[in-house]
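Visitor: I'm new to this one. Could you put it up and walk me through it?

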Amino acid sequence: MPDAPPIRTALGGAVDYELIDSGRRCKLERFGPVTVIRGEPKAWWAPTLPSREWDKAQAVHDEDTGWDLRPGCPRQWTLREGPLSFIVQLSNTSKHLGLFPEQAPHWRSIREAAAPGARLLNLFGYTGAATLVAAQSGWHPTHVDASKPAVTWARNNQAASGLTASPIRWIVEDAIKYVRREVKRGSRYDGILLDPPAFGRGPDGKVWKVERHLPELLTLCRQALTDHPRLLILTTYNIEASSLMLRNLLADLMQPYGGRIEAGELALAHSAAPERLLPLSIYATWRP
Ligand SMILES: C[S@@+](CC[C@H](N)C(=O)[O-])C[C@H]1O[C@@H](n2cnc3c(N)ncnc32)[C@H](O)[C@@H]1O
């Protein structure tokens, strides 16, 4: 029997980020020098801090009207993560700032599993945080995302991190289409990361639905792995699913390789209440 699902918290990571407080379906966060408030459907409880602390936020996101910025609040700035720099921004079209700090435990796994020149495929790579962690730790990453603006942002993060010379392949493509082509070409990877959204679209508008398309994508990923893979990480969020489901999927998929699977939740600890964790996504990782 597997143990109870572990919780991997981003507390103690190197990223200059803090979840200060959460409650009433919102969260109060600090990204570097800027504090922001945005919606968080999972924060059902009451905030720990009094409203006067929340009132100090420099930017507040509203689902209908977008970001409301206090005078002097920047629209874009840079955040340090150890040796890396990530550009974060308050855009009119999204409540996301371009970085998911709860992924920090995965960044640790990527660094631990690195080997010089090993090939890592990052599917649904967004603005490139995991890709840059991989490049900086010796992997040769291939970054795939359907959104051209996201890949441009990721390339700007590469430049901001001083990694312009790193051998990163940037691909704007539908994830399934890309892996299918790689399998046909005989191109193999030592590690694969998948962080699929519940719903998305390929560059040609083709719909991605995690419940419908994940099994096919995982089968293709299995065919794209080398005989001695080093890492597989699957993360999902905003869907009706349990980490035990992800464990079962990886157990079937990676059975020929042996190895070990860990499955659980990614969560952030609050600086105002360290014993209270905010769950944000579920994951399963495979290591040899
Ligand atoms: C929330 S992001 C993943 C976060 C990222 N792994 C990180 O930690 O920064 C989901 C990404 O999936 C991309 N996407 C959606 N549908 C896709 C598809 N069919 N193929 C490839 N990428 C897709 C979106 O453009 C978006 O950048």
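**Salt bridges and the ligand**

Guide: R30 is partly exposed, at a relative accessible area of 23%; partly exposed falls between buried, under 20%, and exposed, over 50%, with a 1.4 Å probe and protein chains only. This is a predicted model, where local features need pLDDT of at least 70 and side-chain atom pairs count only at pLDDT 80 or more, while totals for chains, interfaces and linings use all residues. Residues are numbered from 1 along each chain as its sequence is written, and side-chain values use heavy atoms, with hydrogens and water left out.

Visitor: Which residue forms a salt bridge with D16?

Guide: R30 does, with the closest N and O atoms 3.0 Å apart. A salt bridge here is a side-chain nitrogen of Lys or Arg within 4 Å of a carboxyl oxygen of Asp or Glu. D16 sits in the loop between β1 (7-9) and β2 (17-23) and R30 in strand β3 (residues 26-31), so the pair ties together parts 14 residues apart in sequence. Strands are DSSP runs of E, at least two residues, and helices are runs of H or I, at least four, numbered from the N terminus.

Visitor: Is D16 buried, exposed or partly exposed?

Guide: D16 is partly exposed, with a relative accessible area of 31%.

Visitor: What about E18, which residue does it pair with?

Guide: E18 forms a salt bridge with R30, the closest N and O atoms being 2.8 Å apart. That pair links strand β3, which holds R30, to strand β2, which holds E18, 12 residues apart. Through shared partners, salt bridges join D16, E18 and R30 into one network.

Visitor: How many salt bridges come out by this rule?

Guide: The count is 12. One of them pairs E112 with R287, at 4.0 Å from N to O. E112 is in helix α2 (residues 104-112) and R287 in strand β17 (residues 277-287), 175 residues apart. E112 is exposed at 54% relative accessible area, and R287 counts as buried at 18%.

Visitor: Change of topic. How many residues surround the ligand?

Guide: 17 residues do, each with a heavy atom within 4 Å of the ligand. The closest are D145, D174, A175, D195 and Y237.

Visitor: Where does D195 come in?

Guide: A polar side-chain atom of D195 lies 2.7 Å from a nitrogen atom of the ligand. For D174, a polar side-chain atom is 2.8 Å from a ligand nitrogen. Alone, the ligand exposes 610 Å², and the protein buries 91% of that, by the Shrake-Rupley method with a 1.4 Å probe.

Terms used
Polar contact = N/O pair within 3.5 Å; in protein donor to acceptor, adjacent residues only side chain to side chain.
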